[in-house]
Amino acid sequence: MKIQFWVTRTWLFVLSLAFLGVTEAMAEVKLTDNLAVAGYLRQELAVHTGEKNPTPGPWTTAERNSLNLSRTFFQTEWMYNPNDTFKVFSKVKMLYDQTAALDDKLNDYNAFPLATPRYGGYLRATNDNNIDVEMSELYADASLGNLWLRLGKQQIVWGELIAARILDQINPLDLSWHLTFEPEEFENIRMAQWALRARYNVTGVTTSWLDDIYLEGFLNPGDIAPTVTGAPGSPFQLAPASAAPIKDRRSDMEYGFRLGGRIGQVAGTLNYLNLYSDSGFLESGFTTYPNTELYGISLNYALPKPFNTTLTYEATYSHDEPYYDSAPGAPRIRLAHTLKQAILFGQSAFILPQPISAMSIQFQYSETQIWDHNRLKTTPAPLTNGVNNVSADQHVLALILSQDLLHNNLNLYFQVVYDLAGAQLIKPGIKVRQGNHWIYDIYGVAIGGSETRSSRLGYLSWANEIFGRITYQF
Amino acid sequence: MDNHKIRDLIMVLFAFLFALLSPRALLGANIPSIADVVEGKASPPTIEDLTGGKVKNNGLVDKNNVELVKNYLTASMYESVKRGMVLKMGTQLPPDQLNPKVFRDITEKNRGKAIIDKNGVVYYEKMGTLWPGGRPFPVVKSGVEAMANSTFGKPWDTYMIDPARLCYINSKGEIYKTVDQTFMYVKYTTRTMIPPLGAVPGSENVLVKRIAVAAEPREIKGLGQFTVRYYDPAKQYDTGFAYLPAFKRTIRISATTWQDNIAGSDAIYGDGDGFNEPYYDWNLKLIEKKFLLVPEPKMSVRLTDQKMNINKDFQFDVGKKYPRLGWVIWPVDVVEAIPNYKNVYGKRVLYFPCWPYSYSYSAIAAVDIYDRQMKLWKNFFFIYGGHEYLNGDRDKPQTSSVGALTVDLQSEHRTLMLYTQLLNTNKIGTDSLSLGKLIEMGR
């Protein structure tokens with residue numbers, strides 16, 4: 001274990017402790033009547049329990065790494081709210097990654113792959129393998145009667161489902177540091193982008209059966225970025241380093257719009273998204289990001305007594321989802337019709353003898369149907385059945401149980417995701433809250449199964465881990 | 001003196017002695033009837049009247065003398081006093097200082113014109129005609145009428161609380177955590193104070209829309225709900241959505257959410273207003289009318305400052321378990337409510353102050369809550385005392401609530417909710433509350 005790094009990074013801890021001292025007795029800190037700051041200091045540690053990462057990379061030895069992650073987070077959220085019409089929000093992060101320093105099985109690697117000059121639009125002040133300082137979100141809201149606008153670097157989330165991104169496609173993900181294992185799913189890994197978002201509430205058409213009609217749209221004028229995966233040598237490296245030059249999409253445009261509302265007890269949206277693929281595709285010697293159009297729908301409904309169950313359905317259809325052409329030869333992109341859909345059942349049920357807190361029960365079935373699957377593959381490598389071939393359909397079940405106890409000071413969590421082709425993820429967790437400030441949580445991630453193709457859940461079994469977090473929030 | 005006269009004299013002396021030992025017998029004639037009080041023929045009796053002077057009008061009730069006032073306490077309040085709560089006898093206000101004149105006038109104008117269907121929905125003179133506003137049943141004759149008053153007879157068209165602070169208090173009387181929330185309610189029918197009066201065109205089927213959003217701590221900041229309660233909840237059940245800031249998603253929620261606790265507190269969402277769930281599937285029975293000690297309508301000392309910090313001059317008993325509030329005698333209707341379906345509660349006993357002695361926020365002053373085994377579980381009551389004049393208009397007095405206390409008598413944990421209530425505020429209107437607004441307020 002390399003210890004001297006603690007000395008060279010002392011400033012981060014001194015700053016954090018100073019901040020802690022100021023905020024010990026406070027929740028949100030009001031700097032002025034209109035400006036407040038909240039945030040947290042967190043230490044996260046993930047102990048690797050799976051096999052060695054099979055991805056070719058600059059590994060020090062043939063042994064598996066002991067740690068997947070050791071990282072300190074100091075995140076502040078600044079809110080300027082001078083009146084009911086206008087608001088400015090900013091999220092500033094200071095991150096310090098100690099994973100390689102603490103694990104002899106790992107070479108030093110770039111823990112923050114986005115910290116390169118090419119990503120200056122991300123408001124990152126650093127270009128360091130282990131330290132990151134960035135303003136990850138910065139936007140202004142304006143509420144002008146029925147019109148609401150948000151302009152700036154933001155996350156735009158459409159969709160209501162768990163453990164699946166069907167309509168939630170707008171922002172790319174930062175999978176480099178913890179894949180999708182974070183308990184908050186995507187909030188901490190969704191990459192904010194510069195965009196304009198607008199929603200208009202349509203009034204005057206409300207009737208006894210039609211209500212809450214709105215039009216919403218977004219425009220990203222050119223801040224297009226792909227999903228980021230772990231850098232070479234990272235515990236979460238997913239693909240070998242590519243030497244192919246990149247034809248990125250920066251300065252190209254992404255946009256989308258939706259119509260939402262309620263008819264009786266059924267609420268829903270109709271969506272159109274014009275996006276660029278978050279994953280790069282190798283073609284003609286370049287890594288490129290094809291354009292995709294998505295047509296989507298969401299519907300939700302609540303069944304009354306005695307069922308007391310909510311139903312949510314979400315689907316997207318694309319006629320030009322990119323894959324690789326399975327025919328031999330140089331890698332080529334092939335576009336295919338793809339339908340993704342899911343239905344979620346949700347219920348709050350009192351299962352304890354003394355009915356104080358309800359258990360949240362969510363069960364979801366999702367499927368993907370791909371036309372012409374026999375002509376497709378998921379990687380540029382030659383087609384190998386069981387490795388990169390594409391199935392006509394994929395079926396996944398997900399179950400999430402969450403139970404609060406002791407006045408929400410304790411939360412028990414259990415998630416299981418099952419790919420019917422033969423893979424599963426099991427994720428139990430416990431969270432303890434102490435007072436207003438301290439939160440301790442620990443989770444296990446156990447992925448396994450016979451379905452190990454690179455695009456499927458079972459492929460990630462090498463990443464299994466137990467991780468815990470200590471958080472001080474203010 | 002012959003034996004006759006001696007015997008008569010002894011009987012007179014005996015009767016006089018009996019009267020002296022039984023103050024009620026002598027003073028009974030001075031306690032007005034509830035009917036006389038609600039008709040304005042008499043003022044409510046004081047605690048001195050009711051206890052024969054044993055508890056003074058500026059005195060205290062604690063565990064040492066609680067037996068003297070047991071008949072004027074709710075069952076759960078009696079328990080709380082035995083465990084250390086102290087009641088200060090407070091300041092009465094006359095009825096014309098409790099609610100806006102326009103609301104009182106419309107109540108009188110519409111007196112006798114309310115009809116009620118089998119599900120407890122109120123209409124005006126004939127089924128299907130919406131109730132225009134005012135208290136439907138100034139004199140309650142059944143449990144359903146009392147609940148109908150609470151649901152269809154609110155003197156506010158909007159209200160906002162920003163923030164409400166929930167203080168979680170352990171068995172030692174220590175506040176160990178707090179949660180801040182914002183609440184916004186807008187009525188769409190039975191409107192009397194803010195135009196459009198009566199019903200909002202296009203929304204005649206809606207009774208009220210609500211948004212509740214957590215403001216602190218940071219982990220749950222932005223966690224919120226948007227719900228719609230319809231005019232006839234038996235025909236159209238509640239529509240609800242929640243926003244989960246950790247996932248940046250909105251999800252649909254079901255009607256059982258009313259039974260879940262508010263942010264882990266001792267109160268459930270259905271405890272809002274005293275009884276916030278649809279009541280068509282509850283058995284409601286008017287048990288009795290009686291005089292009861294209820295929170296005073298106007299506090300002399302504020303409980304909190306504008307930032308919801310507890311006023312250090314405000315007295316508490318047993319650590320922070322019980323704020324020492326002022327109490328007055330009002331006539332109340334006592335209603336027993338038992339659910340016809342499986343509910344987290346086995347029974348509620350609700351105490352509705354009789355009109356015109358009624359607060360502006362809720363028609364309910366206090367609730368005894370029983371568990372499924374019918375054991376006394378919780379003591380719930382509103383803290384009133386936020387007396388004010390709307391926009392300074394002396395014809396529009398309002399008695400708002402400044403808090404609520406929910407005591408879990410079985411676990412000795414309690415939640416004290418503190419807030420400043422803006423009743424009939426123009427800060428929110430009929431276009432203010434929507435799913436979009438919930439997302440705007442989210443993180």
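The legends below describe close-up views of a predicted two-chain model.

Residues are numbered from 1 along each chain as its sequence is written, and chains are lettered from A, ligands numbered from 1, in the order in which they are written. Because the model is predicted, local features need pLDDT of at least 70 and side-chain atom pairs count only at pLDDT 80 or more, whereas totals for chains, interfaces and linings use all residues.

**Figure 1. Confidence along chain A.** pLDDT is the predictor's confidence in each residue, from 0 to 100. Chain A has a mean pLDDT of 90, and 92% of its residues reach 70 or more. Confidence in chain A is lowest in helix α1 (residues 5–8), with a mean of 47, and highest in strand β23 (residues 465–473), at 98. Over residues 1–8 of chain A, pLDDT is below 50, and the model gives this stretch five contacts beyond near neighbours in sequence. Residues 21–26 of chain A also stay under 50, with three contacts beyond four places in sequence. Two residues are in contact if their C-beta atoms, placed from the backbone, lie within 7 Å. Helices (H or I, at least four residues) and strands (E, at least two) are DSSP runs, numbered from the N terminus.

**Figure 2. Chain A overall.** Chain A holds three helices and 23 strands. Its radius of gyration is 23 Å, close to the 23 Å that the globule rule gives for 474 residues, so chain A is as compact as a globular protein of that length. The radius is taken over C-alpha atoms, and the globule rule is 2.2 Å times the number of residues to the power 0.38. The C-alpha trace of chain A spans about 65 × 60 × 55 Å along its principal axes. Buried residues make up 36% of the 474. A residue is buried if 20 or more other C-beta atoms lie within 10 Å of its own, exposed if 12 or fewer, and partly exposed in between, with C-beta atoms placed from the backbone. Among contacts in chain A between residues at least 6 apart in sequence, 61% join residues at least 24 apart.

**Figure 3. A three-strand sheet in chain A.** This open sheet has the order β9-β13-β12, with mixed pairing. Two strands pair if DSSP finds at least two bridges between them. The edge strands are β9 (246–247) and β12 (281–283) of chain A, each pairing on one side only. β12(A) and β13 (residues 286–288) of chain A are antiparallel over three bridges. Leu282(A) has Thr287(A) in β13(A) as its bridge partner.

**Figure 4. Chain B overall.** Chain B has eight helices and 19 strands. Its radius of gyration is 23 Å, close to the 22 Å from the globule rule for 443 residues, so chain B is as compact as a globular protein of that length. Its C-alpha trace spans about 95 × 55 × 45 Å along the principal axes. Buried residues make up 55% of the 443.

**Figure 5. Helix α5 of chain B and its packing.** In α5 (residues 75–82) of chain B, Ser76(B), Met77(B), Tyr78(B), Ser80(B) and Val81(B) are buried. The buried residues of α5(B) pack against several strands of chain B, including β1 (60–61), β2 (87–89) and β18 (397–408). Just after α5(B), Gly84(B) takes a positive phi of about 125°.

**Figure 6. Two nonpolar cores.** A nonpolar core is a set of buried Ala, Val, Leu, Ile, Met, Phe, Trp, Tyr and Cys residues joined through C-beta atoms within 7 Å. The largest core has 128 residues, of which Leu293(B), Leu350(B) and Phe352(B) touch the most other members. Beyond residues up to four places away in sequence, Leu350(B) touches Gly274(B), Phe275(B), Val335(B), Ala337(B), Ile364(B) and Val367(B). A second, separate core of 48 residues includes Ala101(A), Met191(A), Ala192(A) and Phe236(A).

**Figure 7. The β9–β10 hairpin of chain B.** β9(B) and β10(B) form a hairpin with four residues between them, and Lys248(B) in the turn has a positive phi of about 55°. Five bridges join β9 (residues 239–244) of chain B to β10(B), and the two run antiparallel. Tyr243(B) has Thr250(B) as its bridge partner. Five of the five residues of β10(B) are buried, so this strand is largely enclosed by the rest of the structure. Arg249(B), Ile251(B) and Ile253(B) point one way from β10(B), Thr250(B) and Arg252(B) the other way.

**Figure 8. Where chain B meets chain A.** 40 residues of chain B are in contact with 50 residues of chain A. On the chain B side, β6 (175–187), β10 (249–253) and α8 (435–441) each supply at least two residues. β10(B) gives the most, with five residues. By class, this side of chain B has 13 nonpolar, 15 polar and twelve charged residues. Ala, Val, Leu, Ile, Met, Phe, Trp, Tyr, Cys and Pro count as nonpolar, Asp, Glu, Lys and Arg as charged, and the others, Gly among them, as polar.
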